[in-house]
Amino acid sequence: MHRCFPIAIGTGPSQFHPAAPDTVAFMPLDVAQVCAQLIRFDTTNRGGGDSAGEREAAEHVAALLQDNGVPPMLLEPAPRRTNVLARVPGTDPSLPALLVQSHLDVVPADPAEWSFDPFAGEIRDGYVHGRGAVDMKDMAAMTLAVINRWHTEGRRPRRDIVLAFVADEEDQGAYGAHWLVEHHAAYFAGVQAAISESGAFSYDVDGVRLYPIGTAERGTSHMKLTATGRAGHGSRRNDQNAVTALATTLARIAAHQHPVRLTPTVEAFLVGAGKALGVEVDLDDVDATLARLGPAAKLAENTVRCSTTPTMLQAGYKVNVIPGTATAQLDVRTLPGTVDELVATIDALLPPGVTREFLEHQPPVEAPVDTPWFTAMADALRDEDPAAAVVPYCLGGGTDAKAFSRLGIHCYGFSPLRLPVDFDYRAMAHGVDERVPVAGLEFGVRVLDRFLSS
Ligand SMILES: [Zn+2]
């Protein structure tokens, strides 16, 4: 199925165009088929504006929304970089609205490394195969399947549900979430909370099924260090060698052990996971607690501290010439509430002659755990899996939550999937041979329906 809708290109609110009001007879949607079809649209995002574009995938999503009684709007800030917005009106306008957002782009996949075609969208052996199967065309498909259920059964949610299928999450969001927040904030008026990727997947530890819901994300900063010295001949003594100064500084930064900083989310994770697994939790000795948590520690080990990881180096152009400058870049991840402290720490580690600047600085985000939203998500999971041990957790990396939280929206990682015990979910996103179990998707549709209807 493929139909064209008016594409709005521009930046002003006047560029909103509702889709053409053509409707077709109701067709029941199979979530695995929808996920597979979305995978077949190659929406590879190589970053820096080099992208296959999301347009065909967005038009397909818009067509499915239209068919299910939800008029979509398409917005293109740049050619082929297409976003879809829609609003399902609730029965009780006094309730705060909820945003459900998915990105339609995917990271590249090299077919030579895969055992199947990453963009064929094959369904076999109980799995949907292809790039985007877990990141995150699965969530887009589950959302559409819920909309389809409501349409079929003549149901409506209690609150307004705002839907966003966005471009460019796998780069900077400049054509997607951040652009929408900067140019179309009014569309999200009344939205109090949002759900999206990276949370509510089952994670088996010794027979206990944890379901971590994302309630925080570390901040993402790219920091450039510049060492400035005295250029000169490589054969001569030089106590102001920029390369030496930079190398010494990087060694000092790499060796620095950042202190444990327990955020509310990570503390709640440690307490909740410890209780579920019967493990003693000592918040004064977090490293020992992580060791006792075994495989569950993977959900918290990168989020008890900030990190400053050297990743790029540049200096010199000839072996017998000492360059006047040398530069490096650090991948800096900050925990909620720690940005100022971390910057002061880095400054204290820099010797005279080495300066720093932010090339990119996205602050951390944290949503409250003790809210009716979190309780409703946990209830929806337990209703479908009575053994679910639901815990909040903090993402080590970042998502479009960083954009939508700028509007004061509480952003949660809630993309429910029940997974087989031996399924290595964490190796799937951005990995080789990405796939998602069909039964997991069907579980996710039931959980999402419960939560979005509540
Ligand atoms: Zn993603």
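Asp331 lies in strand S17. The model is predicted. Is Asp331 buried, partly exposed or exposed? Asp331 has a relative accessible area of 21%. Buried means under 20%, so this residue counts as partly exposed.

The side chain of Asp331 makes a polar contact with the side chain of Arg333, at 2.6 Å. Leaving aside residues up to four places away in sequence, Asp331 touches Ser221, Ser307, Thr308, Thr309 and Thr311. Met223 is 108 residues from Asp331 along the chain. The C-alpha atoms of these two residues are separated by 6.7 Å.

## The four-stranded sheet

Strand S17 spans residues 325–334. It belongs to an open sheet of four strands, in the order S15-S17-S13-S18. The pairing is antiparallel. At the edges are strand S15 (307–315) and strand S18 (354–362), and each pairs on one side only. On average, neighbouring strands of the sheet are turned by 20° against each other, direction ignored.

Helix H5 (residues 242–255) packs on this sheet. The helix touches strand S13 (219–228), S15, S17 and S18. Its direction makes about 15° with that of S17.

How many bridges join S15 to S17? There are eight, and the two strands run antiparallel. Ser307 stands opposite Arg333 in S17. Ser307 is also one of the residues that Asp331 touches, and Arg333 is the polar partner of the Asp331 side chain.

## The zinc site

Which residues coordinate the zinc ion? The donors are His103 through NE2, Asp135 through OD and Glu197 through OE. The distances are 1.8 to 2.1 Å. Along the sequence, the donor residues follow the spacing H-x31-D-x61-E.

His103 and Glu197 link distant parts of the chain, 94 residues apart. His103 is in strand S6 (residues 97–103). Glu197 is in the loop between strand S10 (191–196) and strand S11 (203–205). Both His103 and Glu197 are buried.

Strand S4 covers residues 73–78 and is mostly covered: six of its six residues are buried. Its antiparallel partner is strand S5 (residues 81–88), joined to S4 by four bridges. Leu74 stands opposite Val84 in S5.

S4 and S5 form a hairpin, with two residues between them. Arg80 sits in the turn and has a positive phi of about 75°.

Conventions. Residues numbered from 1 in each chain as written. Predicted model: local features only at pLDDT ≥ 70, side-chain atom pairs only at ≥ 80, totals over all residues. Heavy atoms only, no water. Pairing = 2+ DSSP bridges. Axes fitted to C-alpha atoms, helices over the stretch in contact; angles between N-to-C directions. Contact = heavy atoms within 4.5 Å. Donors = N, O, S within 2.8 Å, 3.2 Å for Na, K, Ca; no water. Buried < 20%, exposed > 50% of the residue type's maximum accessible area, 1.4 Å probe, protein only. Polar contact = N/O pair within 3.5 Å; in protein donor to acceptor, adjacent residues only side chain to side chain.
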